[in-house]
Amino acid sequence: MTSLRLRGGRVIDPAAAHPDAVRDLGVCGGRIVELPAGAAADQEIDAAGCIVMAGGIDMHTHIGGGKVNLARMLMVEDHRTGGDPFALPDNPLELPSCGGCTPGTLATGYRYVEMGYTAAFEPAMVAGNARHAHMEMGDVPILDHGAYVMLGNDELFLQLLHEGGAKGTNFAAIRDYVAWTIRATKAMGVKVVNPGGISAFKFNQRKLDVDEPHLHWQVTPRAVVHTLARALRELGVPHPLHIHGSNLGVAGNIASTLETIQALEGLPAHLTHVQFHAYGNDGPKKFSSAALQLAEAVNANPQVSIDVGQIMFGQTVTASGDTMRQHAQSALANPRKWVGADIELDAGCGVVPFRYREQSYVNALQWVIGLELFLLVRNPWQVVLTTDHPNGGPFTSYPHLIRLLMDRAFREEQLAKLHPEVAANCALRSIARELTLAEIAVMTRAGPARLLGLTDRGHLGAGAAADIAVYREQWDREAMFRTPERVFKDGVEVARGGGIVAVPTGGTHFVEPGYDPAIENVLRRHAKARGTLNFDHVAIGRDELCACCNGGRLLPAACFGAGA
Ligand SMILES: [Zn+2]
Ligand SMILES: [Zn+2]
């Protein structure tokens, strides 16, 4: 087994006793090891003048499954070029599997790894489409991956919730159903999208607020959120409920977002792409930042984490399970085309292209709100860096976003280009905070690893996977994070100076909570009466998962003690 010593780099490892120290890092057998100071290693790499971090982990990025594929098909113009959808690449070899806002699977893996990321999680896997999602992620090279399965708008869940009534008398059955679904789809967690609202849309409701009953099932988003959060807690699934709240993108939706946090009654949860959920309705345009209110709620609720879903200016395409809200936004599509779709009525899907503009009042304010959220939440372990790729912008914009957060002068320069009323009046102007390298390391690797229960990722302690990014330290943080000098995946060098040098297959993270098999009788009856799939063919076994994922390693994460 060959060993490697990365010598004399500045190691930023927020989970370590000394989170910022110039030291050597040893690697052997794909893992971080303690190499005795004098011992020779088979390979020595000089990392002096470099920042060494664990590989980046994107815990919310749409990279696998039906929505992203529909987005790729809808945005054909994006695939004629390697990056900017309206420019031709210098190198024609970049043409296959290209795309700026929805890159193909190969480009997705390469572009992430070239930036020092080594894992990415698909947040909105539809249960009926889980095989496709795993196959698509299996086609993404190098990156480890996993997915959250969507629940809370499927007919059986809503029916069970309705039957249990206000007292939730059948909660155990719902918990078993949640566990069965996670296991059958080989998911890493559960995402609820517009709780109950996607289903309500199918019954012709066009909005559903936190305490508004679903017309048919008479259940509220509050009950949906609380029941799912409780089920995951009791099942010991490490990643708590991943919540895409009610009223995405609606002016004044901060009230719904704060009510959603209330609905948890202290249960842990992760609120996703909160930039789209932190809008007030003050001011002349009845659209204002509510970042401070949301940040105060997150600061007061340490069991709640968020990712931001920062918007970035330029062309992108939004791909969401939230059919209700995407239908409402479709009138703003740019270019003017969109897709709405469904499978088995277990969730939803809407794909709408957007072009975010600096001179649009709304877009400029969205940009400001995202940055305010990053800078106003005090504890970086509660905030994850995302653009909700591709919804707020493509993941390739992360280095630019990092510089905005670390460099106030650069932020002011960008702010001055925005719609003048936003630039002149926003609270962001007076926020002096500049995030440190350690805080960026928390938001891009250590934090997401902890929130997902990945004990051997996101840090560089002995025994951790040797997923490592080595960046040449530069004052221009965008340039620094754009092109790491070297990237290692499980100890294998996979990128050097912005080029891919090896293409191993990534592994799949998933959890397998336990359940009472009696629930399968209920599921079988439901599938027979209402479904189109044979129930016996629904669940994905471990062998099949391995085949779906291109032979990548299976990386099951442990559930913590049930009943906590
Ligand atoms: Zn979402
Ligand atoms: Zn998303």
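Donors here are N, O and S atoms within 2.8 Å of the metal, or 3.2 Å for Na, K and Ca; water is not among the atoms, so sites may look incomplete. With that in hand, let's start at the metal.

This is a predicted model: local features need pLDDT of at least 70, side-chain atom pairs count only at pLDDT 80 or more, and totals for chains, interfaces and linings use all residues. Residues are numbered from 1 along each chain as its sequence is written, chains are lettered from A and ligands numbered from 1 in the order in which they are written, and side-chain values use heavy atoms, with hydrogens and water left out.

First, zinc. Which protein atoms hold the zinc ion (ligand 1) as donors? They are Lys-191 (NZ), His-244 (ND1) and His-273 (NE2), at 2.1 to 2.2 Å from the ion. Along the chain, the spacing reads K-x52-H-x28-H. The zinc ion (ligand 2) lies 3.6 Å from the zinc ion (ligand 1). The two histidines link distant parts of the chain, 29 residues apart. His-244 belongs to strand β10 (residues 241–244). His-273 sits in the loop between β11 (269–271) and β12 (279–280). A word on naming: helices (H or I, at least four residues) and strands (E, at least two) are DSSP runs, numbered from the N terminus.

Are these histidines buried or exposed? Buried means under 20% relative accessible area, exposed over 50%, partly exposed in between, with a 1.4 Å probe and protein chains only. His-244 has 1% relative accessibility, so it counts as buried. His-273 has 2%, so it is buried as well.

Next, strand β19 (residues 468–472). Four of its five residues are buried, so the rest of the structure largely encloses it. Strands pair if DSSP finds at least two bridges between them. Strand β5 (residues 50–54) runs antiparallel to β19, with five bridges. There, Ile-51 faces Tyr-471. Strand β20 (residues 486–489) also pairs antiparallel with β19, over three bridges. Ala-469 stands opposite Val-487 in that pairing.

Last, one helix pair. Axes are lines fitted to C-alpha atoms, for helices over the stretch in contact; angles run from 0 to 180 degrees between N-to-C directions. The axes of α9 (residues 291–300) and α11 (residues 361–376) come within 9 Å and cross at roughly 30°. Contact means heavy atoms within 4.5 Å. Among the residues making it are Leu-292 and Leu-294 of α9, and Ile-369 and Leu-373 of α11.
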